[in-house]
Amino acid sequence: MNTLNAQPMYHSPAIHAVYARVRQLAHLASDAADHLIDAVDLLDHTRAGLPVELGDGFLAVVTEQEARRGAGRCFTLVASLTALGSSDALATAELFAVERRHRGFVPEYQPPALSPTQDTTLRAVARGDVAITSGKPYLRREDLRVSISTIRALESRGLVMREDCPDDWFRDERVHLTAAGRRDLAASFARPRSTAPTATRPPARPAATAARAAVR
């Protein structure tokens, strides 16, 4: 929020929407962090044989199985709170960039153009939708089509990187944006596309009409 406040800009309806979304994301992230802390405290206290609060100030020593169930409920709440966070963050960033371009603030840095497939993959990585398992992309959304060759192409340009996730049963590696990937993606938002009009050929005249015109 401090970064937004430091930017000189006209507070249009779009910018007001950006502020509202950022505040909402911040509250969701804070609530999710609180639930994760509760889960860690519950497990740590149970392993140490200490009582835990079960609500309304009631303290009791719980079994490890009960503590795991309680932690699982916390993780479920966190997943629910953050399910749309990455998509909302990407949409908010793009809304901000589009509005800034509309007001004449064009980024000085213009990255090399990405192919449509690379652009789609980079956005999917930014949303946290792409992982790797058994050497193939593992996608969170069924409507996504991402190939390992595209991921490798983005890696060769230094835009994405992989991170091992040994504790995940379903994914071997997570795919993240690098600093260069975040920079290039942000600079690509609302970049004007070529809209050159398509030349249309006039209809051919019938042969007889063309012949008469030639005689005249």
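Helices (H or I, at least four residues) and strands (E, at least two) are taken here as DSSP runs, numbered from the N terminus. The model is a predicted one, so local features need pLDDT of at least 70 and side-chain atom pairs count only at pLDDT 80 or more, while totals for chains, interfaces and linings use all residues. Residues are numbered from 1 along each chain as its sequence is written, and side-chain values use heavy atoms, with hydrogens and water left out.

Read from the N terminus, the order is α-α-β-β-α-α-α-β-β-α-β-β-α-α. Of its 216 residues, 29% count as buried, where buried means under 20% relative accessible area, exposed means over 50%, and partly exposed is in between (1.4 Å probe, protein chains only).

Thr121, one of the residues of α5, is buried at 1% relative accessibility. Setting aside neighbours within four places in sequence, Thr121 touches Val146, Thr150, Ile151 and Leu154. Just after α5 comes Gly128, with a positive phi of about 80°.

Salt bridges come next, each being a side-chain nitrogen of Lys or Arg within 4 Å of a carboxyl oxygen of Asp or Glu. By this rule there are ten of them. In one, Glu94 pairs with Arg123, with the closest N and O atoms 2.8 Å apart. Glu94 sits in helix α4 and Arg123 in helix α5, so this pair ties together parts that are 29 residues apart in sequence. Glu94 is partly exposed, at 23% relative accessible area, whereas Arg123 is buried at 17%. Another salt bridge joins Asp129 to Arg127, the closest N and O atoms being 2.9 Å apart, and both of these residues are buried. Shared partners also link Glu94, Asp119 and Arg123 into one network of salt bridges.

Glu99 and Arg103 form a further salt bridge (3.1 Å, N to O). Glu99 is buried, with a relative accessible area of 11%, while Arg103 is partly exposed at 42%. This pair turns up again around Ser12, a residue in the loop between α1 (2–5) and α2 (13–47). Once neighbours within four places in sequence are left aside, Ser12 is in contact with Glu99 and Arg103. Ser12 itself is buried, at 1% relative accessibility.

Finally, there is the surface. Asp31, Asp34, Asp38 and Asp41 gather there in a patch of negative charge. Patches are built from residues with over 30% relative accessible area and no salt bridge, joining like charges within 9 Å and nonpolar side chains (Val, Leu, Ile, Met, Phe, Trp, Tyr) within 5 Å. Lys and Arg count as positive and Asp and Glu as negative, with His and the chain ends not counted; the charge is placed at NZ of Lys, CZ of Arg, CG of Asp or CD of Glu. Asp31 belongs to helix α2 and is partly exposed, at 37% relative accessibility.

Notes. Contact = heavy atoms within 4.5 Å. Areas by Shrake-Rupley, 256 points an atom, 1.4 Å probe, with all protein chains shown as cover.
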